[in-house]
Amino acid sequence: MSKPKERHRRQPMLARIKKAHQNQTETESSGYAFRLVGAFFCDFFYYFLRTLKWCVLIGLILTAAVSLFLFVKYGDAYRSFAQKADELVAESKAEDFRMDEITYIYDADGGQLAELSSGNGRSSYLRYKDIPKAAVNAFIAVEDRTYWKNIGIDIKGIMRVATDFVLSRGDSVAGASTITQQLSRTIYLTRERSVERKIKEMMIAIRLTRKYSKQDIMEFYINTACFSNGIYGVEAAAKAFFNQSASELSLSQIAYLCAIPNRPEYFNPYKHPKRALERRDKILSDMYQEGYIEKGAYEKALAEKIKIKKQAPEFYNYETTYAVFCAVEYMMKLHGFEFRYDFADEKAYESYLESYEEAYNLEKTNLYAKGYSIRTSLQTDTQAAMQQALDNNLAFATQTNQETNVYELQGAMTVVDNTNGKVIAVVGGRSQENLDNVYSLNRAYQSYRQPGSSIKPLVVYTPALMYGYTPESTVYDIDVEAAQQPGADIANMWGSSMTLRSAVEQSKNGVAYSVLNEIKPSYGLSFLTSMKFDKIVPSDYNLSASLGGLTYGVTTVQMASGYSALVNQGAYREPSCIVSLKDSDGKELYEEEESKAVYSAQAASEMLDILKGVLTVGTAKSLEWSSESAIPAAGKTGTTNDSKDGWFCGVTPYYSVAVWIGYDTPRALESLYGGSYPASVWKDAMLYLTQGKAPVDFH
C-alpha cells in the first residue's frame, strides 16, 4: 500500500489539483484559480531545483574529468616544472623586469654590423609611485578585475578555460590570464598556445605574488608591457606616440595606450588606429562601470580626439635588415610558431598572414629589447663587392622618384655559399650616398616578383627529370596561346620537336607549358613549397606557373637557395645568415637545421649539366663566361611579359647567385631581359666570388 502513496506524493501539484477539480460537484472558480496559480509556481520551482541539481552534478563531474585529464596528461610536467618555477622566482630580482638591453649583430669576421635597442632607455622606467593612477586602473578594469585580491591567478577564469579546452577538444587554450600571468609569460616563457605553457605561467604567477607586493608586480607589468613597434613600457609609449611624458597624458590618451598591449600588432596605432580607438572606448567604459572614473570624465575622454606622432623611420643597411629578419624568424620557430607553405584557399592564406605578422612583430620587439648577441655568415667585403656590381651595371639609369629621391630602376641580389647553404651577401637595392631611406626596402627578401623562365628548372624541368624524362627526351614547343584557350587538348598538341636539353637552353615556353601539363602543376609546385617558398597560393596551381606566372612571385633569397639545392645534389638548406644566437646570459639558442632531399641527386646533376648549355649555346651565351673563367658555371635567364622583370639565376660549385632587375612598381623597360643587365650583374659578382678558386666541376 505504501508504493501507490509514494507515487501520489511525487505527482506534480498542478496535476493533482486538476484531478481533484474534475471530481468536484460544485463550481468554485475563484478558489480554483488561486490554487492553480500557486500550483504552477510550486511546479516551476520543483523542476527548476531538479534542473539546478543536475547542472551542479554535471559541473562537478566535468570539473573532475578536466582535473583528471590534466593530472594524467600534464602531472609529470607540473611536478618537473614546479621546482624550476621555485628556482626562477627565488632567484629573480627587480632588474629582470627591465626591457632595455642592447642586441648586437656581428658579421662573419666578428665585426659589429649593428646594435639594436628598443629606444626605451633607463629614463623610461617608472616606479609605481610615478605611474599614472589611470593607467593602473585601466589595466585592472580591462585585463584583471580581481588583481588586488587574487593569488596571481583567477580560479573562475581557469575553470572557464578548462571547460572550453575540453569542449573544443584541445583547440582552445587561450584566455583568463591575469596581469601577473602575463608578466610571467613576457619575462620567463614563450608565446606558444598550449596547456603546458598555461600551467607554467600560472605556477610562476603564484610564486611571484608570494615574493613581490601587488604594487611591485604592477610596476613590473606596466614597464614590460609591449606597446608595439619595439616599444616597452607606458613611459616610452607616451613619448613615442604623443611626445609627452606619461604623467602629462590625458585620461583618453592613457586609455588609448593601455589598449595596445592586449594584442600589440592588432592594435598597432601606426597600422590600425581605428582598432586601438575602439578598444580605448571599451577600456573607458570598463573603467566607468568599475567606478574608477565619474560619468563626466568618461564622456569627456570618450569625446577626445586622439592624434599620434608620426612614426620615426627605421634605417640600417641591407645586411642588417636581413640579419634581423633571419633572427626574428628563428625566434618565432623557437617559440612554437608553425610556418605554413600550403593553403586550402585564399582565406586560409590571409588568416595565416595575419598570424604571421603578429608573431613576427612581437618577436622583433623582443629581439630589440632583450640583449641578444647574433653572429652571422655575412661577409662585409663580399657585401661591398656585390653592391658595387649592382650599382655599376645600373649606373646608366639616373631617374629618381620625385617623392623619395630613390632610383626608380632597381635591383636585388642574394649570394649563397653552397658548402653550407648560408647567405653571405644580400643586396636589397642600389646604394645612394647621403640617402638613408634607400634602405627602407630590402628587395632581396621583401620584394616578391614574377620570376619568368628562371623558375623553370625548379618547378618544371628538374621535377620532369624525376618524373621520367631525360635530357634527350623529345618534347614539343606548342603554341601557348592556343593551349590557353578553353577546352584545348594540350596533351595532343604539336609543335617544333627538340630535345628537353635544347628546350631549356633556348627557353622555349611551349615546351615548359606542355611538360607541366603532363607532370601536373600540383607536382611541380610541391617542390617550391618543400623549399619553403612562402607565397605559393591556391591560384598558382595552374599551367602558367611553368612560365613564372605566380600570383605573388618569389625573392632572390628563395631563388638562390633553390638553385643551391641543385648544386648540392637535390639537398635543400633553408637560407639564413644566422650562425649563432645567444641570449643575454650567453646561452646558445641557435641550432643548425638539417638539410633535406628535395630533388633526386641524379635529376639535380642532369639539370646542372643542361643549365651549363644556357651559358655556352643558350640565352646567356653572350656573357662569354668560359672566356673569362675556367670554373664551370650553369644558370638560367628569366624575362616576364613586356620586360617588366629580368632575372638571372646562376651557380658555380662554390656559390649560387640570384639577380633581379626591374621597377618597384612594375613597368616595361625595352632593354631589360634575363641575358642583359641581370646576367651582367651576375657575371661581375661571380667573377669576384670565384677569384683564386680551383676550377672544380659540379658533383
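**Helix packing and burial**

Start with helix α6, where the buried residues are I179, T180, Q181, Q182, L183, S184, R185, T186 and I187. Buried means under 20% relative accessible area, exposed means over 50%, and partly exposed lies in between, with a 1.4 Å probe and protein chains only. Helix α6 covers residues 179-188, and nine of its 10 residues are buried, so the helix is mostly covered.

Before going on, the conditions. This is a predicted model, in which local features need pLDDT of at least 70 and side-chain atom pairs count only at pLDDT 80 or more, while totals for chains, interfaces and linings use all residues. Residues are numbered from 1 along each chain as its sequence is written, and side-chain values use heavy atoms, with hydrogens and water left out.

Now the overall picture. The protein has 24 helices and 13 strands; these are DSSP runs numbered from the N terminus, with helices being H or I of at least four residues and strands E of at least two. Of its 699 residues, 51% count as buried. Among contacts with a separation of 6 or more, 72% come from residues 24 or more positions apart. Contact here means heavy atoms within 4.5 Å.

Next, two helix pairs. Two packed helices are described by the angle between their axes and the distance between the axes. The axes are lines fitted to C-alpha atoms, for helices over the stretch in contact, and the angles run from 0 to 180 degrees between N-to-C directions.

How are α4 and α10 packed? Helix α4 (residues 133-143) meets helix α10 (residues 251-258) at an angle of about 45°, and their axes are 9 Å apart. That makes α4 oblique to α10; angles under 35 degrees count as roughly parallel, over 145 as roughly antiparallel, 65 to 115 as roughly perpendicular, and the rest as oblique. On the α4 side the contact is made by A134, A135, A138 and F139, and on the α10 side by L251, I254 and C258. By class, that contact has seven nonpolar, no polar and no charged residues. Ala, Val, Leu, Ile, Met, Phe, Trp, Tyr, Cys and Pro count as nonpolar, Asp, Glu, Lys and Arg as charged, and the others, Gly among them, as polar.

The second pair is α11 (residues 273-289) with α12 (residues 295-303), at an angle of about 180° and with axes 10 Å apart. These two helices are therefore roughly antiparallel to each other. From α11 the contact uses R280, D281, L284, S285 and Y288, and from α12 it uses K295, Y298, A301 and L302. The class count for α11 with α12 is five nonpolar, one polar and three charged residues.

On to α23 (residues 601-616). Its 16 residues, at 1.5 Å a residue, should span 22 Å, and the end C-alpha atoms are 23 Å apart, which agrees; the expected span is 1.5 Å times one less than the number of residues. Buried residues in α23 include A603, M607, L611 and V614. The buried residues of this helix pack against α17, α19, α22, β11, β12 and α24.

S561 is found in helix α22 and is buried, at a relative accessible area of 5%. Leaving aside residues up to four places away in sequence, S561 touches V416, Y572, R573 and P575.

S507 is not a glycine, yet has a positive phi of about 55°. It sits in the loop between α19 and α20, and at 17% relative accessibility S507 counts as buried.

Q569 also is not a glycine and has a positive phi of about 55°. Q569 is in the loop between α22 and β8. Is Q569 buried or partly exposed? At 43% relative accessibility, Q569 counts as partly exposed.
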